[in-house]
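Please read them with the structure open.

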Amino acid sequence: MTKPVVAIVGRPNVGKSTIFNRIVGERVSIVEDIPGVTRDRIYSSAEWLTHEFNIIDTGGIDIGDEPFLEQIRQQAEIAIDEADVIIFIVSGREGVTSADEMVAKILYKSKKPVVLAVNKIDNPEMRDQIYDFYALGFGEPFPISGAHGIGLGDLLDEVAKHFPNKDDEEYDDDVIKFCFIGRPNVGKSSLFNAILGEDRVIVSDVEGTTRDAIDTIYTYDGQTYVMIDTAGMRKKGKVYESTEKYSVLRALRAIERSDVVCVVLNGEEGIREQDKRIAGYAHEAGRAVIIVVNKWDAVEKNEKTMKEFTEKIRDHFQFLSYAPIIFVSAKTKKRLSNLFPLIQTVSESHAMRVQSSILNEVVTDAVAMNPTPTDKGRRLKIYYTTQVAVKPPTFVIFVNDPELLHFSYERFLENRIRDAFEFTGTPIRIIARARK
Ligand code: GDP
Ligand code: GDP
């Protein structure tokens with residue numbers, strides 16, 4: 001299910017990031033364990049009562065060297081383009097400023113619901129400050145204090161009233177949703193166009209059925225695919241499209257909606273730090289991953305080049321050891337037709353459920369081959385293994401003491417399970433539980 005998206009807008013210093021952090025709370029991210037990959041605090045999942053949603057702090061998206069007012073304008077436009085509901089934040093300490101009025105004008109033209117919050121109302125005596133803000137034209141302003149966490153409940157109640165209907169499942173289960181992510185200029189939009197130009201690809205007339213209408217639906221060999229748009233895939237010519245933070249934001253959103261993520265690298269340029277970061281998001285989200293090396297036509301090569309590039313990828317993307325690698329050219333279309341079968345294979349792995357009896361045989365055989373580790377004289381005992389989820393496949397192993405299941409042995413079991421059932425291109429999660 002696609003979660004609703006909430007965006008926070010407002011001029012600098014009104015408290016956007018303070019409120020973003022309040023709403024998001026402390027979320028630990030496994031991405032932080034991967035060197036060189038840090039959490040961007042401009043986009044996160046969040047919860048309020050029974051509602052799950054994603055939230056964007058548009059203030060964190062800096063738009064290059066644009067002047068102050070232009071930055072705010074662009075941020076407001078991102079909110080309008082990306083969000084289902086907009087929280088417009090102003091400051092009760094300063095009253096209405098001309099920058100607030102400019103934001104109001106932009107938001108006013110959009111059809112998106114806007115909830116106005118007056119921040120820095122740190123105590124009840126200050127509540128009178130909110131009346132000026134009726135003039136902005138968004139109805140009743142909600143007094144809040146990000147610093148003290150006051151009023152956020154009422155604000156979020158109001159925001160949640162505008163969420164789209166929860167039951168609108170987007171696509172059937174057998175539809176494969178995938179996306180291309182990668183740095184600007186690796187060739188995502190060229191790949192997108194090259195695929196749609198393939199002979200056997202039949203593009204559906206139905207424009208994307210989603211709220212944002214950014215999906216491309218097509219069939220190939222009887223399988224329906226949905227290609228999910230990322231930044232710049234269909235260039236709309238907006239200034240902010242080329243900014244790094246915005247492309248990260250779009251990549252995160254696309255990953256979230258996809259089953260299969262194609263991480264695109266530029267074969268001509270090689271691997272960059274930002275590639276790892278982007279790939280880390282896909283891994284963390286538990287999606288099936290394919291590494292697509294594009295522009296292979298432009299690489300001067302001999303019989304060793306592909307092997308050497310593969311080794312480099314394996315070295316840099318150790319957390320993606322399960323991801324198949326494909327060398328293509330959007331320009332010449334070389335090997336592009338191999339991509340669909342690969343997407344289908346990894347998508348099947350990602351959704352695969354295995355039989356408990358065979359799973360336990362595999363684990364028993366693995367233990368016979370490589371005995372469980374001991375720690376301070378105690379040996380790990382494995383009683384039973386069961387698959388508890390798909391997308392990604394997740395296994396619970398019941399043991400005498402989870403502490404005894406060290407990382408290296410967990411890795412070993414993961415690899416045995418992966419090999420036995422051919423889980424290609426999907427992460428596998430293993431959870432150890434103590435059997436009482
Ligand atoms: P942003 O630029 O809109 O993201 O604003 P920040 O969240 O960075 O906050 C700007 C300043 O306002 C910081 O010094 C915050 O500590 C302060 N601030 C944020 N919320 C409140 C609040 O509710 N009350 C008061 N008094 N100060 C706040
Ligand atoms: P995006 O920003 O990731 O969407 O990248 P684009 O698709 O806009 O491509 C960036 C540039 O790389 C353009 O000039 C493309 O023509 C070029 N390009 C894309 N794919 C290939 C390819 O397979 N081979 C070569 N030689 N150039 C490519």
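In what order do the six strands of the open sheet stand?

1. The order is β2-β3-β1-β4-β5-β6, and the pairing is mixed. Strands here are DSSP runs of E with at least two residues, helices are runs of H or I with at least four, and both are numbered from the N terminus; two strands pair if DSSP finds at least two bridges between them. β2 (43-48) and β6 (142-143) are at the edges with a single partner strand each, so one side of each has no neighbour in the sheet.

2. The model is predicted: local features need pLDDT of at least 70 and side-chain atom pairs pLDDT 80 or more, while totals for chains, interfaces and linings use all residues. Residues are numbered from 1 along each chain as its sequence is written, and chains are lettered from A and ligands numbered from 1 in the order written.

3. β2 runs antiparallel to β3 (residues 51-57), joined by six bridges. Ala-46 is opposite Phe-53 in β3.

4. In helix α3 (residues 98-109), the buried residues are Asp-100, Val-103, Ala-104 and Leu-107 (buried: 20 or more other C-beta atoms within 10 Å of the residue's own; exposed: 12 or fewer; partly exposed in between; C-beta atoms are placed from the backbone). They lie on the same side of α3, because they cover an arc of only 105° around the axis, taken from the directions from the helix axis to the C-beta atoms. The face turned away from the buried side carries the exposed residues Ser-98, Glu-101 and Lys-109.
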